[in-house]
Amino acid sequence: MDGIIPLYKEKGMTSFACVSQLRGILKMKRIGHSGTLDPNVEGVLPICLGKATKLVDYLMNSGKIYQGSITLGFDTTTEDLDGEVVSTKDVEKPLSNDQIDELLKSFVSEDLIQIPPMYSAVKVNGKRLYEYARNGETVERPERHVQIHYFKQTKASVYDEEKKQQTIFFEVGCGKGTYVRTLAVDFGKKINMPAVMSSLTRIKSGGFNIDETFKLDDIRAAVENDKIDEIVKSIDSALSDFKHLELNDTQWETVKNGGFLSLNVIDTKDDKCVLTYKHAVKAIYYYDENKQVYKPEKMFSNQ
């Protein structure tokens, strides 16, 4: 079975656990996910099956959209609600919606620098940061350059008079490797206020929206009722943003042997081009500026 399942990862599960369960449900080993979601985060997790596992890097590099909330007034060891409280500070005067909008917009950048949280899977000296954190150790963390396409409020914030905390509801469109937890913490730092990411849902990833997803129970039922084909999306469904070329018989002979294609075949200098033969995706080619030809980047099938 080759294709993609837009899975709805439920809160409390690791991404690895989702893959493990799917291997059992689908009775296949060649399965991979495209972008880890923390256990306390829910939402879109594209799952690649068979030959579609070659798409993982492309899906991970696609833009992602999250909705969630930031709570001002305390911070934690993990930057979300799973960790222990580190410090508290009363929000005596809540931010206005205009102030929140301006602060959120200040993060929009094609090159925003983040420092990954200690409770993350980033490796330093061959060891994951969360391993250091669990041992009570702190190490210097490498800077990460990320893209924030937009960062906006989704509804008016809520001020808790009793707890002296303010919760802000947001949507963010971002690139690969962005830590939304860290965005929440850094939002607070801009106003000298401890903050946490208090909820998060990924609503788009790999070109799939949340309303296109299926839960593990849905997939299990589809297998039992022999309707899994209604859930598995084609390889091409994840490549709609790329230029496509349907090959003729002569061109296919060249491509299936790893040959190059000239500009007079593809006719434009797009960075990448999806090649299909008899309407099935066969390869992704990239444009070599120096040679001025298209070369194979990823082969899915030579048959």
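Tutor: The model is a predicted one. Take strand β4, residues 64-72. Eight of its nine residues are buried, so the strand is largely enclosed by the rest of the structure.

Two partners of β4 can be followed in turn. One is strand β11, residues 165-174, which pairs with β4 in the antiparallel sense over nine bridges. In that pairing, Ile-70 stands opposite Ile-168 of β11. Another partner is strand β12, residues 195-205, and here too the sense is antiparallel, with eight bridges. Thr-71 of this region faces Val-196 in β12 as its opposite residue. Pairing of this kind, in general, runs through backbone hydrogen bonds.

Arg-202 is buried yet has no salt bridge. What the side chain of Arg-202 does make is a polar contact with the side chain of Tyr-66, at 3.2 Å.

Leaving aside residues up to four places away in sequence, the contacts of Arg-202 include Lys-64, Ile-65 and Tyr-66. Arg-202 also touches Ser-34, Gly-35, Thr-36 and Leu-37, as well as Glu-42, Gly-43, Val-44 and Leu-45. Ile-210 is another of its contacts.

Definitions and conventions: Residues numbered from 1 in each chain as written. Predicted model: local features only at pLDDT ≥ 70, side-chain atom pairs only at ≥ 80, totals over all residues. Heavy atoms only, no water. Buried < 20%, exposed > 50% of the residue type's maximum accessible area, 1.4 Å probe, protein only. Helix = DSSP H or I, 4+ residues; strand = E, 2+ residues; numbered from the N terminus. Pairing = 2+ DSSP bridges. Lys, Arg positive; Asp, Glu negative; His and termini not counted. Salt bridge = Lys/Arg side-chain N within 4 Å of Asp/Glu carboxyl O. Polar contact = N/O pair within 3.5 Å; in protein donor to acceptor, adjacent residues only side chain to side chain. Contact = heavy atoms within 4.5 Å.
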